[in-house]
Amino acid sequence: MYAAETLIDEKALVLRLIDGDEDAFCELYAAYKGRLIYFAMRFLKSREHAEDVFQDAFTVIWQSRRFINPDASFSSYLYTIVRNRVLNQLRDLDNQNKLKEHVLAQAVDYTDETKNEILANDLRQLILRALQQLTPRQREIFEMSREQQMSHREIAETLGISVNTVQESISLSLKSLRGYLQKNSVAAADLVLLLVCMNL
């Protein structure tokens, strides 16, 4: 009974939307926003891209409202639009990556070594941003350990703190950096920390 009432209410909103009722448009927009963005994110893996798809879909809904069939499932119609926009986004992203590869391949001095250097620089920049997430004291201790190759005891004596405090700070720093790298889709974050953090 509840589902039937919901469908009736939605059909009433759709009929108002077809007539150009902006309030009905806003109600449908709010009702579908969360689930459609979640649906798009499952494929695009990006909140920003998913929101773009959702906004684009509802722009189409408003612009073509007079052609909506009120007797057909509005939900199915909407999901079809979003699905098509998702497929377009995936194709665009794939084409962008191919274009980037093509441009680099056409460069006179482009070699595998150049490509690896570009990737290494991108990774180094990401790690520097990850270091900015640490507190000033954590960053200071981490850099003394990794860059200056100081022992925990040397750091403790220099800063006037205990060895345990140094160890705890470095442990928390590594956990924070690992989490940041994983959140930014860097695979094998532990290996990255091992290979790069010690040679920034």
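Is Phe58 buried or exposed? At 1% relative accessibility, Phe58 counts as buried (under 20% relative accessible area; exposed is over 50% and partly exposed lies in between, with a 1.4 Å probe and protein chains only).

The model is predicted: local features need pLDDT of at least 70, side-chain atom pairs count only at pLDDT 80 or more, and totals for chains, interfaces and linings use all residues. Residues are numbered from 1 along each chain as its sequence is written, and side-chain values use heavy atoms, with hydrogens and water left out.

**View 1. The pair of Phe25 and Trp62.** Rings of Phe, Tyr and Trp (its six-membered ring) pair if their centres lie within 6.5 Å; planes under 30 degrees apart count as stacked, over 60 as edge-to-face and the rest as tilted. By this rule there are nine aromatic pairs. The centres of Phe25 and Trp62 are 5.3 Å apart and their planes stand at 65°, so this pair is edge-to-face. Phe25 belongs to helix 2 (residues 22–44) and Trp62 to helix 3 (residues 47–63), 37 residues apart; helices are DSSP runs (H or I, at least four residues), numbered from the N terminus. Phe25 is buried at 17% relative accessibility, whereas Trp62 is partly exposed at 24%.

**View 2. The pair of Phe54 and Phe58.** This pair is tilted, with 5.1 Å centre to centre and 50° between the planes. Phe54 and Phe58 are four residues apart in helix 3, and therefore separated by about one helical turn. Phe54 is buried at 1% relative accessibility.

**View 3. The aromatic cluster.** Ring pairs join Phe25, Tyr29, Phe54, Phe58 and Trp62 into a cluster.

How values were computed: Helices (H or I, at least four residues) and strands (E, at least two) are DSSP runs, numbered from the N terminus.
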